[in-house]
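Visitor: Please pick one spot in this structure and walk me through it slowly. Then use it as a starting point and show me a few other places worth a look.

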Amino acid sequence: MRRRYKVAAFGMACVLAAASQSMMSQEKTDSYTESEVVSDLEIVEETSAVLLEKEEVAKQRVFLNELQMETEPVLKETQPEVLMGEEDVSELDGYILPSVEEYLNIRLTPSTDSEVVGKLYIGTKAEILGEEGDWYQIRSGSVEGYVYRPYTVTGKEAEAFAVEKGYIVCSVLTGGLRVRENPGTDADVLDIVGEGETFDIVEVVDGWVAVDYKGETAYLSSDFVSVDYDLGEAVSIQEELAVIQAAEEEAVRQEQAKQEAAASAVSNSKVMETVQRDSVAASDEDIYLLACLIHMEAGWEPYEGQLAVANVVLNRLKAGYGSTISEIIYAKGQFSGANSGALAQVLASGPNQSCITAAVEAFSGVNNIGDYRNFISAPYASTGSYSEYTLIGNHCFYKN
């Protein structure tokens, strides 16, 4: 409304001026008509409107310039990444990863002749403190020193190296996250995973993280996982020596415990007498099959162990595990080699003579393990859980 009032006032002034001019020139000419005067007034009004519009535009430009001057410093302070080139920034800027087969020596001074004070094993990182020629001064864990620069990577190169070597993992941030066969919400769901589960990353794609899931590549939505570098720290020479010493001491302790357990097992092993029982009728095929089983299970064992294996089979026959020797031997979950092809190889090549003798004697009634129906390799025996057992060679024969 104010613009209209200004234009009207300006127009009225122009009208008065034009009228005055007209009266002054009336004496000289009568060429102006009433319509011509009205036309001139319209031109004046249009001109004044254009001038006012330009004035408003100029004011707006001044306002915008002042606003830009006020906000530009704030943008520089709050958005440094954008101004500096965010695409060039890496989480591993200022850090190095050893690009070696096993470990990179950390030396006291920047020289290959200098004392080794620590080691950067593969899968670790170190902070860069400075540079001296072809050497980085670094700090990692409790170690400070120098590493040879050509054997390291940093920045974007280190990121790519970490992904390639599997040093980057993702952690699930929510429960019930779908594991998909391909990236995309319309892809098939392979499984559901829970909060806190972690997976090795294969690659990161737009909106999705490809992970190693049970040996196959699967995809998780990047909105519900965090991506982190799984990198360790350097160890000093003193720390490494302490670890080695502790490992050696633990190995000695385990060996002593193993020997004590073996001694205890032997001392508690029941001494079994060889007795004559009733014979069991058998065909030549039964004898050959049993002899082959004995060869498969105990071909390298002393004869007493071979005879004991034969009697395990016959004890199972008497206990009703099956109605024939073949049923006993090929029963599912009993003698694993019988269904894996191992027994078939012995059947094709034939058993040794001692195994044949053991089979014949067992069928004739010679027994050296009583009614035991189970045996296992001695190192895997849980002798404390057996009601009775006896050790023969490298086998433990027992009953529950």
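This is a predicted model: local features need pLDDT of at least 70, side-chain atom pairs count only at pLDDT 80 or more; totals for chains, interfaces and linings use all residues.

Guide: Let's start at K214, which sits in the loop between strand 12 (208-213) and strand 13 (216-221). Helices (H or I, at least four residues) and strands (E, at least two) are DSSP runs, numbered from the N terminus. Residues are numbered from 1 along each chain as its sequence is written, and side-chain values use heavy atoms, with hydrogens and water left out.

K214 has a positive phi of about 55°, although it isn't a glycine.

V225 comes out at 7% relative accessibility, so it counts as buried. Leaving out residues up to four places away in sequence, V225 touches C170, S171, V172, L173, L177, V209 and L220; a contact means heavy atoms within 4.5 Å. V225 and C170 are 55 residues apart along the chain, yet their C-alpha atoms are separated by 6.1 Å.

What about disulfides? A disulfide is a pair of cysteine sulfur atoms within 2.5 Å, and the count comes to 0. For C292, the closest cysteine sulfur belongs to C355 and is 8.7 Å away, so it is too far for a bond.

Next, have a look at R316 in helix 7 (residues 303-318). R316 is buried yet has no salt bridge, and the nearest side chain of opposite charge, E297, is 8.7 Å away. A salt bridge needs a side-chain nitrogen of Lys or Arg within 4 Å of a carboxyl oxygen of Asp or Glu. As for charge, Lys and Arg count as positive and Asp and Glu as negative, with His and the chain ends not counted. R316 does have a polar partner, though: its side chain and that of N374 make a polar contact of 3.5 Å. (A polar contact is a pair of N or O atoms within 3.5 Å; within protein, one must be able to donate a hydrogen and the other to accept it, and residues adjacent in sequence count only if both atoms are side-chain atoms.)

N374 leads us to strand 18 (residues 374-377), which pairs with strand 20 in the antiparallel sense over 4 bridges. Two strands pair if DSSP finds at least two bridges between them. Here F375 stands opposite F397 in strand 20. Strand 19 (residues 388-392) also runs antiparallel to strand 20, joined by 5 bridges, and Y389 has Y398 as its bridge partner. In the hairpin of strands 19 and 20, G393 takes a positive phi near 60°. Strand 20 (residues 395-399) has 4 of its 5 residues buried, so it is largely enclosed by the rest of the structure.

Notes: Buried means under 20% relative accessible area, exposed over 50%, partly exposed in between (1.4 Å probe, protein chains only).
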